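Welcome! Take a look at the sequence and the model, then work through the steps.

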Amino acid sequence: MTNEMKCSLTHDLLPAYIEGLTGEGSNAFIAAHLVECEKCRAAYRVMAEQRKGAKNDYGAMLYRLIRRRRRRRIVAAAIIGLIVLALLAVCLAPWPTRVRGSFEALEWRLGDPDVQTRRTVTIDGVYLNYLFKADGFAGTFKIEGHPETALEKTYWDADDEALFQMTYFDPQDGLLRTFGILMIDPRGPEFSVLIMEDDGEGRGWDGGDGLVVSWPAEDRAQALEGFKALAQRCSPHWLGEGKLAE
């Protein structure tokens, strides 16, 4: 075999030789020829460098691909986290319903059909609807002939009561006092106010002859019907325990 033929065969086998794909006989032939042929040694060095550069390029490409996928996962996780936080904010934040206006209500007394007085009631507040906790009401509630009150607190217990405490500032002694309890439907706003009275032993409300202000109410019968409907929604155990005389 002439030297030219050896060079041609070696050159053809070099790519496979560099990749480690040639057999033992071919490896011995190529190694022996590279020792004696400078031209083929130069070709071997060029091919080896090209293979090394290709491997580095592949590694870099693989590294960039891994980083890109990792970055996408981080971005996806961040987006999911923001969506979860937004959903929690929507669920936990209140949905405000503005309640404002003047209403011609009826003041009446349980157990005494002769007590019926028209009262102008002015409301200016916001009903706060919560998904996972008791509703709230913030604002003022003015009943003609009575002190202006502020709605400041929601009651919530095992009986699912949803009643709003009405308080007012007593200028005589500078104390904050309880005026009554409000039951209200913000969609109406249908409402009834249970007015606390002093019986000599303290202020309270008696289910037998308690004073109530209700709207809408053309007469006492309508006021009583609306009052019982609100009591059923806001404090159902009152009716179940017979705390209302009528």
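**Exercises on salt bridges**

Arginine 109 counts as buried, because its relative accessibility is 19% and the cut-off for buried is under 20%. Keep in mind that this is a predicted model.

**Exercise 1.** Find the salt-bridge partner of arginine 109 and say where the two residues lie.

*Solution.* 
- Step 1: Arginine 109 forms a salt bridge with glutamate 197, and their closest N and O atoms are 3.0 Å apart.
- Step 2: Glutamate 197 lies in strand 8 (residues 197-198) and arginine 109 in strand 1, so the bridge ties together parts that are 88 residues apart in sequence.
- Step 3: Glutamate 197 has 28% relative accessibility, so this residue counts as partly exposed.

**Exercise 2.** Work out which arginines form salt bridges with aspartate 124.

*Solution.* 
- Step 1: Aspartate 124 pairs with arginine 98, with 2.8 Å between the closest N and O atoms.
- Step 2: This pair links distant parts of the chain, 26 residues apart: arginine 98 is in strand 1 (residues 95-109) and aspartate 124 in strand 2 (residues 112-129).
- Step 3: Aspartate 124 also meets arginine 100 in a salt bridge, at 3.3 Å from N to O.
- Step 4: Arginine 100 lies in strand 1 and aspartate 124 in strand 2, so this pair ties together parts that are 24 residues apart in sequence.

**Exercise 3.** Is arginine 100 buried or exposed?

*Solution.* Arginine 100 has 58% relative accessibility. The cut-off for exposed is over 50%, so arginine 100 counts as exposed.

Key
Residues numbered from 1 in each chain as written. Predicted model: local features only at pLDDT ≥ 70, side-chain atom pairs only at ≥ 80, totals over all residues. Heavy atoms only, no water. Salt bridge = Lys/Arg side-chain N within 4 Å of Asp/Glu carboxyl O. Helix = DSSP H or I, 4+ residues; strand = E, 2+ residues; numbered from the N terminus. Buried < 20%, exposed > 50% of the residue type's maximum accessible area, 1.4 Å probe, protein only.
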